[in-house]
Amino acid sequence: MRLTLFQHFLSGAAMQSMMALLLLAPAPGLAQAVAPEEGLAVTKIDPPNWFSTLPEPMLLNRAILTLALAAPDSAQMHQVMARELQRHGETAAAIANYREAINIDPKVPGLHAELGDLLYYSTDESLKAGAQAEFEAAVAQNPNDERSILSLGMIAAEKSDLKTAYTDDSRAVQLDPHDTDACTELAKVLILMNERGKAEQMLQRAVQADPSNYVAHFRLAGLYRQQGKIDDAKKQIAEYQKYRKMKDNLQKIFEDMRVKAARRLADEESGPGQ
């Protein structure tokens with residue numbers, strides 16, 4: 001199984017595609033939670049862009065090729081393969097590579113958290129059920145893993161365990177006060193706990209730090225409606241719609257860039273007249 005996957009990733013088109021996608025990975029934080037159209041249902045934050053933690057683009061080709069040739073069965077190589085398989089929608093193969101990487105060396109940074117994200121956002125409930133254990137393993141390895149702590153808070157909220165959700169979300173905000181996703185998730189829990197004043201403060205903090213956080217705008221609109229502040233609610237809905245449309249458009253632009261880069265690299269590989 002390992003050899004087959006390794007050969008696949010070293011094949012011409014697949015390898016060219018991988019390099020192009022890595023080089024043009026979108027900036028971290030581009031994808032954000034999709035707010036529900038109504039109510040205060042639990043929202044999900046898009047999986048973090050783990051490619052942003054990789055080396056600078058000019059060094060990336062050499063780093064991956066060196067790794068592929070020197071340590072094709074290493075935990076790090078399986079991690080890189082899992083990321084690219086996930087990007088191509090090959091979820092089962094990506095999960096298999098993450099688990100193989102963990103079997104080889106569970107101490108490689110990011111493995112448990114990345115697998116946790118992949119499982120959590122799966123449409124297969126049986127897979128999603130395994131996400132919590134991965135996030136817990138990530139936090140056990142690094143007690144200051146803010147994103148994994150936040151994910152555990154989201155899972156707790158889905159289970160209506162508001163006490164645990166509040167503790168985890170508060171810890172995430174404490175670790176990274178500038179993470180507006182964490183502020184928004186904590187506000188959601190505060191709303192469910194009928195702490196609307198504190199929730200409003202947290203949401204205002206989120207939109208001030210990141211005006212493009214459309215989930216925070218949406219939740220502020222809901223709070224203002226409940227308070228009878230109809231004009232303020234309408235303003236927040238307008239901001240929500242504006243920034244959501246803007247980020248959808250940016251996501252499309254980056255996707256087009258990745259496709260064009262993959263085609264260009266494939267053309268260069270084939271050469272003129274071939």
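Reader: Is N194 buried or exposed?
Author: In this predicted model, N194 is exposed, and its relative accessible area is 56%. The cut-off for calling a residue exposed is over 50%.

Reader: Where is N194 found?
Author: N194 sits in the loop between α11 and α12. Its phi is positive, about 65°, although N194 is not a glycine.

Reader: Let us turn to the whole fold. How many helices and strands are there?
Author: The protein has 14 helices and zero strands. Of its 274 residues, 44% count as buried.

Reader: Which residues of α10 are buried?
Author: They are A165, D168, D169, A172 and V173. Viewed down the axis of α10, the buried residues fall within an arc of 135°, so they line one face of the helix. The face turned away from that buried side carries the exposed residues K163 and Q174.

Reader: And what covers the buried residues of α10?
Author: The cover includes α9, α11 (180–192) and α12 (196–209).

Reader: How far apart are the end C-alpha atoms of α10?
Author: They are 20 Å apart. This agrees with expectation, because the 14 residues of α10 (residues 162–175) should span 20 Å at 1.5 Å a residue.

Reader: What about α8, which residues are buried there?
Author: In α8 (residues 131–141), the buried residues are A131, E134, F135, A138 and V139. Down the helix axis they fall within an arc of 135°, so they too line one face of α8. Among the elements that cover them are α5 (91–104), α6 (111–120), α7 (125–128) and α9 (146–158).

Reader: New topic: which residues touch the most other members of the largest nonpolar core?
Author: That core has 41 residues, and those touching the most other members are Y98, L111, L115, Y120, F135, A199 and L203. Leaving out residues up to four places away in sequence, Y98 touches Q79, A82, R83, Q86, L111, E114, L115 and L118. Another core, of five residues, lies apart from the largest one and includes Y214, V215, F218 and Y243.

Reader: You mentioned E114 and R83. How do their side chains meet?
Author: They meet in a salt bridge, at 3.0 Å from N to O. E114 lies in helix α6 and R83 in helix α4 (residues 75–87), so the pair ties together parts that are 31 residues apart in sequence. E114 counts as buried at 2% relative accessibility, and R83 is buried with a relative accessible area of 7%.

Reader: How many salt bridges are counted?
Author: The count comes to seven. One of them joins R147 and D179, whose closest N and O atoms are 2.9 Å apart. This pair links distant parts of the chain, 32 residues apart, with R147 in helix α9 and D179 in the loop between α10 and α11. R147 counts as partly exposed at 26% relative accessibility, whereas D179 counts as buried at 7%. Salt bridges with shared partners join R147, D179 and D181 into one network.

Methods
Residues are numbered from 1 along each chain as its sequence is written. This is a predicted model: local features need pLDDT of at least 70, side-chain atom pairs count only at pLDDT 80 or more; totals for chains, interfaces and linings use all residues. Side-chain values use heavy atoms; hydrogens and water are left out. Buried means under 20% relative accessible area, exposed over 50%, partly exposed in between (1.4 Å probe, protein chains only). Helices (H or I, at least four residues) and strands (E, at least two) are DSSP runs, numbered from the N terminus. The arc is that of the directions from the helix axis to the C-beta atoms. Contact means heavy atoms within 4.5 Å. The expected span of a helix is 1.5 Å times one less than its number of residues. A nonpolar core is a set of buried Ala, Val, Leu, Ile, Met, Phe, Trp, Tyr and Cys residues joined through side-chain atoms within 4.5 Å. A salt bridge is a side-chain nitrogen of Lys or Arg within 4 Å of a carboxyl oxygen of Asp or Glu.
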